[in-house]
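Have the coordinates open while you read.

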Amino acid sequence: MEDCIFCKIVEGKIPSEKVYEDDEVLAFKDINPAAPIHILVIPKKHISMLTDLKESDELLIGKIYTTINKIAKEQGFEEQGFRVIANCGKDSGQEVMHIHFHILGGKKLGAKIVG
Ligand code: 5GP
Ligand code: ZN
């Protein structure tokens, strides 16, 4: 997908600090971290928004969550816990139109998930 920052990261055209990669999924550190741990997990395939997901993407989305578990284990924050957030569309403030799952942690997160 042209002009998609995250597709360019997948293609290596924009550098990123990768924490996990396989054929379908890539995880890298957020450039502007909102918490001590802030990792973005994305499918390599371009999907603009959560509302574009199709039934044929169900396995892929399941894999993203098991990948998140793998990352939490590998990076050593499984025990302390973390939060996963995925924004969709205008009201959520989604900025990058390639679906992504924020892993946030490394400190006690506020109880409020809606700011
Ligand atoms: P959104 O608001 O769309 O859910 O989140 C987009 C996230 O992508 C933001 O947290 C932002 O800091 C991050 N981001 C935007 N551009 C880049 C980039 O070029 N590299 C990395 N690593 N993160 C980015
Ligand atoms: Zn993309």
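Along the chain, the donors of the zinc ion (ligand 2) are spaced as C-x2-C-x38-H-x51-H. In this predicted model, local features need pLDDT of at least 70 and side-chain atom pairs count only at pLDDT 80 or more, while totals for chains, interfaces and linings use all residues. Residues are numbered from 1 along each chain as its sequence is written, chains are lettered from A and ligands numbered from 1 in the order written, and side-chain values use heavy atoms, leaving out hydrogens and water.

The protein donors are C4 (SG), C7 (SG), H46 (ND1) and H98 (ND1), 2.0 to 2.3 Å from the zinc ion (ligand 2); donors are N, O and S atoms within 2.8 Å of the metal (3.2 Å for Na, K and Ca), and with water not among the atoms, sites may look incomplete. Angles among the four donor atoms run from 105 to 116°, making the site tetrahedral (four donors, all angles between 85 and 135 degrees).

How exposed are some of these residues? Buried means under 20% relative accessible area, exposed over 50%, and partly exposed in between (1.4 Å probe, protein chains only).

| Residue | Relative accessible area | Class |
|---|---|---|
| C4 | 6% | buried |
| H46 | 21% | partly exposed |
| H102 | 13% | buried |

H102 sits in strand 5 (residues 101-105), a strand being a DSSP run of E with at least two residues, numbered from the N terminus. The side chain of H102 makes a polar contact with that of H38 at 2.8 Å; such a contact is a pair of N or O atoms within 3.5 Å, and within protein one must be able to donate a hydrogen and the other to accept it, with residues adjacent in sequence counting only if both atoms are side-chain atoms.

Definitions and conventions: Helices (H or I, at least four residues) and strands (E, at least two) are DSSP runs, numbered from the N terminus. Four donors count as tetrahedral if all angles lie between 85 and 135 degrees; four count as square planar and six as octahedral if opposite donors are over 155 degrees apart and all others between 65 and 115; anything else is irregular.
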